[in-house]
Amino acid sequence: KPLHEIYQKPEIFVDGTSAPDVRQGGLGSCYLLAGLAALAESPKRIQDIFITKEMNAAHYYSVKILYRGTWREVIVDDYFPMVVGEEAEDVAFSYGVDEEVWIMILEKAWAKLYGSYKTVIGGFGD
């Protein structure tokens with residue numbers, strides 16, 4: 001689903017960043033989320049990763065990730081996998097609090113860099 005169908009008013013950042021913003025979903029990317037939680041204690045570090053710093057009408061977001069010693073720009077759209085349960089539908093993987101989406105965008109960019117969500121499970125990418 002696109003972010004505007006998941007949340008009423010999604011924002012990349014809500015009141016900066018902090019470790020408690022990071023919530024793990026069902027992916028098994030705790031190694032990545034632990035690193036993001038540590039970085040989130042210095043909000044400027046997380047914000048500097050984002051090239052696109054605001055929600056936008058194009059529904060695409062650009063971030064930079066250090067990959068094998070080189071900064072790489074990764075562009076992702078705002079569609080995220082969902083899990084449908086008996087009573088509700090929920091985001092399948094990581095998420096933030098207060099409709100904040102920086103965690104979701106970074107996890108998706110990480111997965112894209114490695115080829116898929118599946119390849120980043122447990123930190124055993126290529």
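Mentor: Buried means under 20% relative accessible area, exposed over 50%, and partly exposed in between (1.4 Å probe, protein chains only). The model is predicted: local features need pLDDT of at least 70 and side-chain atom pairs pLDDT 80 or more, whereas totals for chains, interfaces and linings use all residues. Residues are numbered from 1 along each chain as its sequence is written, and side-chain values use heavy atoms, with hydrogens and water left out.

Trainee: Why does A19 count as partly exposed?

Mentor: A19 is placed in the loop between α1 and α2, the elements being DSSP runs numbered from the N terminus (helices H or I, at least four residues; strands E, at least two). Its contacts (heavy atoms within 4.5 Å) are with A37, A40 and E41, residues up to four places away in sequence not being counted. A19 counts as partly exposed because its relative accessibility is 26%.

Trainee: Which residues does W102 touch, not counting residues up to four places away in sequence?

Mentor: W102 is one of the core residues that touch the most other members. With residues up to four places away in sequence not counted, W102 touches I12, F13, T17, S18, D21, V22, L36, A40, I46 and F50.

Trainee: Which element gives the most to the lining of the largest pocket?

Mentor: On a 1 Å grid over the protein atoms alone, a pocket is an open set of points with protein on both sides within 12 Å along at least five of seven lines, a cavity is a set where a 1.4 Å probe fits but cannot get out, and lining residues have an atom within 4 Å of a point. The largest pocket holds about 230 Å³ of space, and its lining divides into 9 nonpolar, 1 polar and 1 charged residues. At least two lining residues come from each of α2 (30-40), β1 (60-67) and α4 (102-114). The greatest share, 4 residues, is given by α2.

Trainee: What volume does the largest cavity have?

Mentor: The count is 1 cavity of 30 Å³ or more. F80, P81, V91, F93, S94, M104, E107, K108 and Y117 line the largest cavity, and α4 gives the most to that lining, with 3 residues. The volume of the largest cavity is about 40 Å³.

Trainee: Which residue stands opposite L66 in β2?

Mentor: β1 and β2 run antiparallel and are joined by 8 bridges, where pairing requires at least two DSSP bridges. Their hairpin has 2 residues between the strands, and R68 takes a positive phi near 55° there. L66 and W71 both line the largest pocket. The residue opposite L66 is W71.

Trainee: What value is phi of E99 near?

Mentor: Most residues other than glycine have a negative phi. E99 lies in the loop between β4 (89-91) and α4, and counts as partly exposed at 24% relative accessibility. Its phi is positive, near 60°.

How values were computed. Grid points are joined across faces, edges and corners, and a volume is the space filled by probe spheres set on the points. Ala, Val, Leu, Ile, Met, Phe, Trp, Tyr, Cys and Pro count as nonpolar, Asp, Glu, Lys and Arg as charged, and the others, Gly among them, as polar. A nonpolar core is a set of buried Ala, Val, Leu, Ile, Met, Phe, Trp, Tyr and Cys residues joined through side-chain atoms within 4.5 Å.
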